[in-house]
Structures are given as C-alpha cells and as structure tokens.
Amino acid sequence: MEIFLIILFIVLAIFVVTILAKSFRIVPQGHCGIIQRLGKYQRTQMAGLTMMVPFVDEMLPLIDMREQVVSFPPQPVITEDNLVVSIDTVVYFQITDPTAATYGIANYIAAVENLTTTTLRNVVGFMNLEEALTSRDAINTQLRGVLDEATSKWGLRVSRVELKAIDPPRTIQDSMEKQMRAERDRRAAILTAEGQKQSEILTAEGLRQSAILEAEGDAQAAILRANAEAQAIVTVFEAIHEGQPNADLLAYQYLQVLPQIADSESSKMWIIPSEVTDALHRFSGTYGPQQAPTDSGDTGTAPETPTPPPTPKRRRNKRPTTAAEIADQAPKAPKLDDTSLEDALAEPEIEEDLFQDRPTRGEDEEQN
C-alpha cells in the first residue's frame, strides 16, 4: 500500500510539472511566437513570459524578427548578346508581419530565391555583357523594387539586393583579359613616350642653357684676355719708349732668350741673328782681357793702354706710334698724270728720317 501511494505521488508530481511547463513559455528578444488554440490562430506573442492553456493552446516555432541575409547559389542568365553569365545574388530582408509570413506562404526563403532568379533574368536579359558588368547599381535597384513589391503580401520587406559576382564564360574572360592587357600596354607606352618627351625637352633645355652660359663665359674670358693683352702691350710700349733702348740692350735681350730657344726638345736647329754676333763682338772688345804690354827695352814701365774714343750719341727721332703718323711719314706715290709710265712703276725712295735712329751693321762695327 505504501509503495502504491509513493508511485501515485510521483505520477501526480510529473503531471503537475507537465501542466506548468505547458502553461508558461518564454519568448526571447528579437523573436515572436504564433499561438494557436485548438489549431486556430489565437494571437502573436512578442518577447517575454506568456501563459497558455495546457493541452489547448500551442505555440508554433519562433519567428526571427531581425533582418536576415540570404546568399543564393549562382544562377545562369542569358544577356542580350546571347552570352551565358553566372550571377550570385545576396538578398537582405526582414519579417514585418509574422502572421502573413506564417499563413501567407509555406516557405518564404524558397519563394524569395525563386523570385530573385526570375527577376534577375528579366532585368539582365535586356542588357549586353558590358552593360551588365558596369551597371550593377541599376540592376540592384530594379531587383529591390520588384522583390519588395512582390514580398510585401508575404509579410516581408526586402531592404537590399546585391550582385555578389558576375562570371562570364571562360573564353570571354580570356578575351577580356587580353583586351585589358592591350589597353594597359597602350597606356604604358603613352606614359613612357610622354616621359621620354619631357626628359628630352628638359635635357635639350639644359644643354641650351649650358651652351649659352659657356659661350658667355668664353666671350667674357676672351674680352678680359684681349683687354689684358692690350694693356700689357700699351705698358710695354710706353716702358720701351720711356727707357729709350739702344742696340746693346736689344742684343742683351737676345742673349737672354737664346737659352730658352735651345731648351726645347723639338728644336733641332736654331738661327742666331746677326745682332747677337755684333753684341758678342762688342762685349768681347769692351769687357774682354787686355793685351799684355811688350818690352820697350829702354824703360821698365809698361805703356799705357789707349783709351777708346767715346761713342758719339746718336740722335733719336721720335718714332711714329699711330697709323696716321705712319701714313703721314710714308713716301707718297707720284701722280700718273704728271709722270711717265717708267717713273710710276719705279720703286719709291724711302726717306732716311724714318730709320735714322737705327744704325746699320757697318756703322756698329766701325764704332766698336
């Protein structure tokens, strides 16, 4: 008897727990539940704790009220230019009416997939491949409008439709890659040519500027050298005329230059001017050793060395220094109308005044 009572108590406890479990349900946040009473729609229970009549009320599987993302497998689509492309789509939708989504359609996911495929084929069928590849935004907008209008009676709201990938046939992909490669090669060739053009322009500009600066530098250097040489010539000319050089000084300068002439390795033969020999004779006679005296036999004293007569001072005329003075002192040619042909062809007589300051070689020897 006691065992029977224990078993009965356990059965009653299990029955009570079952009744309580059937009477209370918890709906999580973001979900909702459809409650049926005896198989008929009773109410829609949102998130929270709810109480139902045991064995009378029934709650269907919870419905997710959040926005859902569904990615559909690639679908073959024929374009306007009869090319078969494979398109992947992604649909973003949300359940706005749980009752319509439960009782309005059996499987809203499959319905959205099939509707997306048919709508995509209708939209892309009026486009060629190039337009389909470059008009994704337009395709997305058209798909969203059609899907949102068709799924509104199912208690769904399509918020966004995206084309994940558009894959043309392999042959078309190879052709597109070749075309893209050719276009990039063309752009690279254009950019290379532009770079070479700019480089050559800059190089030519630099060479031109360098040539201009070099020419200006050479011109300035030539002008400075010419000015320096002119100044040196003027200075030497003035110094020579102020010093009034004679033949001895010129001969001494010849003697100083001779070692420099002989020092060159390429000099095989060199000529000594006649003025140098005259200067050597003059120096040997003036500074050479005196002749020893001869015995007279009568006296023991040596005879005195005769003193050479003083060299007479040569009268030095003023040399012409300008072209006008030289032209004034040059001999004038006789007029042809006053003279005969023989006199006109005869050599003009040179005035002796132009060369009075330069003694002849014979006069130098007599003076020495």
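**Exercise 1. How many helices and how many strands does the protein chain have?**

Solution. Before counting, note that this is a predicted model, where local features need pLDDT of at least 70, side-chain atom pairs count only at pLDDT 80 or more, and totals for chains, interfaces and linings use all residues. Residues are numbered from 1 along each chain as its sequence is written, and side-chain values use heavy atoms, with hydrogens and water left out.

Step 1: Helices are DSSP runs of H or I with at least four residues, strands are runs of E with at least two, and both are numbered from the N terminus.
Step 2: The count for the protein chain is 11 helices and nine strands.

**Exercise 2. Find the partner of Arg37 in a salt bridge, and say where both residues sit.**

Solution. Step 1: Recall that side chains of opposite charge can pair when their charged atoms come close. For a salt bridge, a side-chain nitrogen of Lys or Arg must lie within 4 Å of a carboxyl oxygen of Asp or Glu.
Step 1: The partner is Asp57, with the closest N and O atoms 2.5 Å apart.
Step 2: This pair joins distant parts of the chain, since Arg37 is in strand β2 (residues 31-37) and Asp57 in strand β5 (residues 57-59), 20 residues apart.

**Exercise 3. Is Asp57 buried or exposed?**

Solution. Step 1: Buried means under 20% relative accessible area, exposed over 50%, and partly exposed in between (1.4 Å probe, protein chains only).
Step 1: Asp57 has 10% relative accessibility, so Asp57 counts as buried.

**Exercise 4. Explain how far apart Arg186 and Glu183 lie along their helix.**

Solution. Step 1: Their side chains meet in a salt bridge (2.4 Å, N to O).
Step 1: Arg186 and Glu183 are separated by about one helical turn because they are three residues apart in helix α6 (residues 170-243).
Step 2: Look around the pair as well: Glu183, Arg186 and Arg187 are linked in a network of salt bridges.

**Exercise 5. Which helix gives the largest share of the nonpolar patch?**

Solution. Step 1: Patches are made of residues with over 30% relative accessible area and no salt bridge; like charges are joined within 9 Å, nonpolar side chains (Val, Leu, Ile, Met, Phe, Trp, Tyr) within 5 Å.
Step 1: The nonpolar surface patch covers about 890 Å², and its residues include Phe15, Leu20 and Met51.
Step 2: The largest share, three residues, comes from α1.
Step 3: Check one member: Leu20 is in helix α1, and its 47% relative accessibility makes Leu20 partly exposed.

Methods:
Accessible areas come from the Shrake-Rupley method with a 1.4 Å probe; for residues, only the protein chains shown count as cover.
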